[in-house]
Amino acid sequence: MGFPLLSPSYCCGSQPSPPIFHGLLRFKPVTSLRKPSSQKRQLCQSGRASKILAYYGLTTPPYELDALEPYMSQRTLELHWGKHHRDYVDSLNKQLAKNPLYGHTMEELIKVTYNNGNPLPEFNNAAQVWNHDFFWESMQPGGGKLPQGGLLQQIEKDFDSFSNFRDKFVESAMTLFGSGWVWLVLRTEEKRLSVVRTSNAMCPLIWGDIPIIGLDMWEHAYYLDYKDDREKYINTFMDNLVSWHAATVR
């Protein structure tokens, strides 16, 4: 069961208002540890104990690689997921083989390697693995349109209207300098939704925010399909690709 977004102390009237958005505070890890094959087991001796180190695996998008066409081509997915995302996974495993930090979920690994604002070398690859897993799950065939139920109500409450939210999200993506990400997040301390953008590999997990949707603004995410037309890519994501279903059940 999900938790209500607003606690009774935020409600008015003699009776507590019913929670208007369940599920935002429930967050399932997108990437988990794969059990290592016999060829990929390593033993790390620590005194008398041995520790089996599991390798992080490349997660498959929740749809066929051609399922997002014509809005995102199979060619883009083959390059973006099949090469760039895979490279982040492979690079992370190589780093961890030299400095073992296995045993964490990917979310935990990101927070550990962020190191209170002094990132360890493994942080960028760990964050990019998670960011890409989340990006694939933020889209679906036949996406776009409007969210439903409590999520729509919360967006309208925190942004005054869905149109205002959409404008804010598009503006944040358009004005992002260089490479990075744009997110709709739940700010856990403020108990409200917000649009944030992050540079390079940074992600909202490091501040304790809960991502709801995420848009990849690295050039390789859109260049094959949209060249330098970032505005068309962003609007296509919002109108035809974003998975409000996935956002609602997070």
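How many residues lie between β3 and β4 in the hairpin that they form? There are 4 residues between them, and K191 in the turn has a positive phi of about 55°. This is a predicted model, in which local features need pLDDT of at least 70, side-chain atom pairs count only at pLDDT 80 or more, and totals for chains, interfaces and linings use all residues. Residues are numbered from 1 along each chain as its sequence is written, and side-chain values use heavy atoms, with hydrogens and water left out.

Select residues 180–187 and 192–199 next. These are strands β3 and β4, which pair in the antiparallel sense over 8 bridges (strands are DSSP runs of E, at least two residues, and helices runs of H or I, at least four, numbered from the N terminus; pairing requires at least two DSSP bridges). Within this pair, W181 has T198 of β4 as its bridge partner.

Now select H80, H132, D216 and H220, where the unreviewed UniProt entry places the feature "binding site"; such annotations may be inferred rather than shown by experiment. They are spread over 141 residues of sequence, yet their largest C-alpha distance is 12.2 Å.

Centre on D216, in strand β5 (residues 210–216). D216 is buried at 0% relative accessibility (buried means under 20% relative accessible area, with a 1.4 Å probe and protein chains only). Beyond four places in sequence, its contacts (heavy atoms within 4.5 Å) include H80, H132 and W181.

Finally, move to H80 in helix α1 (residues 74–98). H80 is likewise buried, at 0%.

How values were computed:
Buried < 20%, exposed > 50% of the residue type's maximum accessible area, 1.4 Å probe, protein only.
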